[in-house]
Amino acid sequence: MENVIAGIRAVCSLSDETVSILEQLVTPCSYPKRRQLVRAGFFSRHAWFIEKGMTRSYWVVDGEEFTTSFSCEGGIVFSMDELYYDKVSEEYVETLEEVTAYRLALSDLNCLFATNLELANWGRIIHQNEYRRLHRSHRDRLALSASERYEAFCHQFPQVCRRAQLGYIASYLGITLSTLSRLRAAKR
């Protein structure tokens, strides 16, 4: 759980005792590329800490996929609809590469948030950061050109720029694949 623990410790302190508690509750898993971890309309009842690999989250609207986020080593993915509202997911999470992860039941995650101050603080901080990312993304789509959005994305998510398919990045940025291809060619 080296990358997972490093990812948590990058945002808040985490004692060895809490690491031990977490390690007792997770199940190691491996998934092939393009495996859906979360499916719209279904309960998955789990969260996944990403040790190795990358995932993307997306919605399907009128048959078209819209990428909403990416997660790499040290990150966590789950359905917020399930965790906070006990409702089926409205989005999908799929692996973009082979993924090594640690699965945790959402009931255990909620229990940890309620009983472990370190993990509760971590949960609060990652959600604050996610809210800020979403808020900035919304602002950027309204205020920045496609070129400026791509530059900001490359600065914020350099790993994703190197590893994700261009179509997923274009979808995240709200631009066409041909526009992204032109922007990348001009940047070289």
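Q: Which helices each supply at least two residues of the lining of the second largest pocket?
A: This is a predicted model. In it, α5, α6 and α8 (166-173) each give at least two residues to that lining.

Q: Which of them gives the largest share?
A: α5 does, with six residues.

Q: What volume does this second largest pocket have?
A: About 230 Å³.

Q: How many residues line the second largest pocket, and which lie nearest its centre?
A: The lining has 14 residues. Nearest the centre are Ser137, Asp140, Ala152, Phe153 and Gln156.

Q: How do the residues of that lining divide by class?
A: Five are nonpolar, three are polar and six are charged.

Q: Now the largest pocket. What is its volume?
A: The largest pocket comes to about 1,500 Å³.

Q: Which residues are closest to its centre?
A: Ser69, Phe70, Glu130, Arg133 and Phe157. They belong to a lining of 41 residues.

Q: Which elements give two or more residues to the lining of the largest pocket?
A: There are helices and strands in the list. The helices are α1 (2-9), α3 (80-85), α5 (117-143), α6 (146-156) and α7 (158-163). The strands are β4 (55-61), β5 (64-71) and β6 (76-77).

Q: Which element gives the most there?
A: α5, with 12 residues. The largest share of the second largest pocket's lining also comes from α5.

Q: And the classes in the lining of the largest pocket? How many nonpolar, polar and charged?
A: 18 nonpolar, 14 polar and nine charged.

Q: Let's go to the surface. Which residues form a nonpolar patch?
A: Trp59, Val61 and Phe66 form one. Together they have about 270 Å² of accessible area.

Q: Why does Phe66 count as partly exposed?
A: Because its relative accessible area is 31%. Partly exposed falls between the 20% cut-off for buried and the 50% cut-off for exposed.

Q: New topic: Val99. Where is it found?
A: Val99 sits in strand β8, which covers residues 99-105.

Q: Is Val99 buried or exposed, and why?
A: Val99 is buried, because its relative accessible area is 2%. The cut-off for buried is under 20%.

Q: What separation do the C-alpha atoms of Val99 and Arg34 have?
A: They are separated by 9.7 Å. Along the chain, Val99 and Arg34 are 65 residues apart.

Terms used:
Residues are numbered from 1 along each chain as its sequence is written. This is a predicted model: local features need pLDDT of at least 70, side-chain atom pairs count only at pLDDT 80 or more; totals for chains, interfaces and linings use all residues. Side-chain values use heavy atoms; hydrogens and water are left out. On a 1 Å grid over the protein atoms alone, a cavity is a set of points where a 1.4 Å probe fits but cannot get out, and a pocket is an open set with protein on both sides within 12 Å along at least five of seven lines; lining residues have an atom within 4 Å of a point. Grid points are joined across faces, edges and corners, and a volume is the space filled by probe spheres set on the points. Helices (H or I, at least four residues) and strands (E, at least two) are DSSP runs, numbered from the N terminus. Ala, Val, Leu, Ile, Met, Phe, Trp, Tyr, Cys and Pro count as nonpolar, Asp, Glu, Lys and Arg as charged, and the others, Gly among them, as polar. Patches are made of residues with over 30% relative accessible area and no salt bridge: like charges are joined within 9 Å, nonpolar side chains (Val, Leu, Ile, Met, Phe, Trp, Tyr) within 5 Å. Accessible areas come from the Shrake-Rupley method with a 1.4 Å probe; for residues, only the protein chains shown count as cover. A salt bridge is a side-chain nitrogen of Lys or Arg within 4 Å of a carboxyl oxygen of Asp or Glu. Buried means under 20% relative accessible area, exposed over 50%, partly exposed in between (1.4 Å probe, protein chains only).
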